Structures are given as C-alpha cells and as structure tokens.
Amino acid sequence: MSHMSAFLGRGECGGHVTLLFTVSDEVEDPIDQGSLGAGLCVEDGVEVVAFGEPGDIGLKITFETTQGDSGLYETVLDTLVEEIPEAGGIAWEIGVRLALPVSQGFGMSASGAVAAALAFQRAMGLPHEESLRRSYSIAHRVERGRSTGLGDVTALAAGGVERRLEAGSPYHGPLLHRGPGRAEGWSCATPIVLAWRPDAGKHTSVYIDDPEWKEAISQAGSKQMLALSEGDWGVGRWGNLLDAANEFSRDSGLQDDSSRAELLSSVQTVMGRCGIADEAVAMLCMLGESVAVVPQDAQAETDWSGSLVAELEGAGLQAVNTVVGRVS
C-alpha cells in the first residue's frame with residue numbers, strides 16, 4: 001500500500017463533570033437544545049487516532065483501553081460526511097483510548113465525539129480552527145440525537161471550571177458562527193479525584209427523558225443558576241460553585257437515590273480516614289454514579305490526591321486523579 005495517499009490524524013478531548021444543570025429540550029431544533037448549569041472540564045478524556053485510505057468506504061473501530069460505544073463513532077462519521085462529503089470516500093480505521101469509563105457522569109460520549117470529529121478532519125488536513133468548531137457542532141448534534149448528554153459539548157467548548165449561560169450548540173451553521181449556546185470558563189489546574197463504582201450507573205436518558213425528573217432537576221438547577229450566572233466568573237467564585245452543587249444535588253432529589261447516597265457517604269468516610277475532610281469536598285457528578293473530590297481552595301497545592309486514590313481503591317471503588325482542564 002502506498003503511504004503517499006494515506007490519511008493520519010489525531011484528536012483528543014478531556015471529559016466533563018456536570019455539578020448542576022437544567023434541561024432545555026422543549027424546543028424542536030437540537031441546535032437550541034441543551035442545558036444551563038455549571039461543572040468542571042477535566043484533562044483526562046478520550047484520544048482518537050484516525051487512519052484512512054482512499055477507496056472502500058467503511059469504519060473499523062478499536063477500543064484500546066476501556067470498551068466504548070461503536071455507534072457513537074459511526075454517527076460522528078456519518079454526521080461529518082453530511083458536511084464534508086469527501087470524508088465518505090475513505091476507508092477509515094480509528095483507535096480509541098478512553099481514560100475514564102462511559103455512562104458514569106464524565107461526559108465521555110461528548111468527549112469521544114469531539115475527539116473523533118477532530119481526528120477525521122485532521123487526517124484530511126482541514127484547517128485547524130474550522131475543524132475544532134465543526135467538531136463541537138457535530139458532537140452537540142450527535143449527543144442530542146442519542147440523548148446521551150445535554151450541556152457537555154457547550155461546556156467543553158468553554159473549558160476549565162465552566163458555567164453555561166445559554167442553552168444550545170456552541171457553534172452551528174455552514175459558517176460555524178458562535179452560538180446559540182454560550183458558556184464561560186476559567187482554570188488554575190485544580191486537582192480532582194474522580195471515583196466511581198465498578199458497575200455502570202443508570203443511563204442519563206432515564207432522567208432527562210422523564211418529565212418528573214426533568215421538572216425537579218430544572219427547578220433545582222434554575223434556582224442555583226440565578227446567583228451563579230451573575231457577576232464575573234473566575235477563581236473567586238469557586239466557593240459559590242461548591243455550595244451550589246451541594247444544594248442542587250439535595251434539591252433535585254438526585255442525591256436521595258440510595259446508591260448515590262451510599263457512594264457519597266463511602267467516599268466521605270475514606271476522606272475522613274485520609275484526614276482531608278476539612279480541606280476537601282466530595283460532590284456528585286451528574287448524571288452517573290460517581291463523585292468528584294476537590295480542594296476547598298481552588299488554588300491549593302494538594303498532596304493528598306494519590307493517597308486518596310489508593311484508599312478509595314482499597315474500599316472497592318475505582319478512582320483516578322486528574323486536574324481541571326485548560327480554558328478552550
């Protein structure tokens with residue numbers, strides 16, 4: 001085979017943890033659907049390497065670490081082909097490396113969609129900035145079509161510690177203009193420990209497609225966003241975010257789910273054993289069965305994350321340490 005005509009590209013995108021949100025899906029157009037809310041973009045996520053050769057059409061997917069969902073990556077390619085028809089005349093192979101599990105509240109389907117869309121476009125040599133915007137736009141539509149996420153893509157397009165102020169896709173249309181989704185982020189690379197149960201939690205759609213849950217979640221989220229969406233957004237708001245996340249998980253009823261409540265309390269017990277109950281806080285990730293442990297002070301130089309991970313694993317949970325990602 002001649003390497004002259006082969007395509008090779010790589011894309012990566014970190015995960016995202018939603019701490020509080022609303023559900024805005026009553027509008028018909030997926031471009032306008034999404035959510036308001038706030039959360040954390042993290043450095044670990046999905047890396048995709050795409051290799052293509054002109055000729056036979058198709059997509060072969062290899063998951064190198066954790067098993068993911070092939071359908072997601074197929075839909076990303078199909079959606080890309082609608083916009084860039086040349087992407088359809090290529091036999092593609094992708095290698096997907098997931099640093100975190102899927103369906104646990106880490107935004108991995110959004111992250112995977114962005115990373116794959118980037119990898120395909122980079123392999124084809126398309127311009128960087130345009131490819132990045134198109135990746136977010138494609139990922140948002142794919143997520144809405146599959147009911148796997150609401151605001152993850154808009155959050156990832158902001159990066160860092162984010163607040164989502166207007167629902168919808170971060171970019172859209174043939175010229176990939178901004179909006180309608182709007183989010184802001186800041187970051188000082190705050191350390192985070194993510195912990196989850198080895199068995200996957202309930203699927204996000206159980207909540208966002210159920211009218212009663214949707215109502216409870218949106219009321220609780222709107223209440224917190226009233227204050228969080230005011231004023232400048234920067235490191236001075238970290239304490240507000242932690243408080244809002246805590247109130248949201250109580251008000252929404254999501255914390256009452258017995259397996260979530262149990263998970264939260266087992267993480268807090270381990271934190272007590274590690275002697276960090278005063279300097280760190282554990283928050284539920286929405287909507288998985290997972291928890292994010294962060295320092296009370298966003299700029300803290302922590303040295304407890306490694307030992308906390310070991311203790312959590314000793315308690316039968318899975319855990320990883322990462323940091324808040326850069327602003328996109």
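A word on the source. This is a predicted model, where local features need pLDDT of at least 70, side-chain atom pairs count only at pLDDT 80 or more, and totals for chains, interfaces and linings use all residues. Residues are numbered from 1 along each chain as its sequence is written, and side-chain values use heavy atoms, without hydrogens and water.

Helices come up now. Helices here are DSSP runs (H or I, at least four residues), strands likewise (E, at least two), numbered from the N terminus. Helix α6 spans residues 211-228, and helix α7 spans residues 238-251. They pack at about 160°, axes 9 Å apart. The axes are lines fitted to C-alpha atoms over the stretch in contact, with angles from 0 to 180 degrees between N-to-C directions. α6 and α7 are therefore roughly antiparallel, a label for angles over 145 degrees.

Now the rings. There are six aromatic pairs in the structure. Rings of Phe, Tyr and Trp (its six-membered ring) pair if their centres lie within 6.5 Å; edge-to-face means planes over 60 degrees apart. Trp-92 and Phe-120 are edge-to-face, 5.0 Å centre to centre, with 65° between the planes. Trp-92 sits in strand β4, Phe-120 in helix α2, 28 residues apart. How buried is Trp-92? Its relative accessible area is 2%, and buried means under 20%. Phe-120 is buried too, at 0%.

Next, Phe-106 and Trp-196: also edge-to-face, 5.5 Å and 75°. Phe-106 lies in the loop between β4 and α2, Trp-196 in strand β9, so the pair ties together parts 90 residues apart in sequence. Both residues are buried.

Terms used
Parallel < 35°, antiparallel > 145°, perpendicular 65-115°, else oblique. Phe/Tyr/Trp six-rings, centres within 6.5 Å; stacked < 30°, edge-to-face > 60°. Buried < 20%, exposed > 50% of the residue type's maximum accessible area, 1.4 Å probe, protein only.
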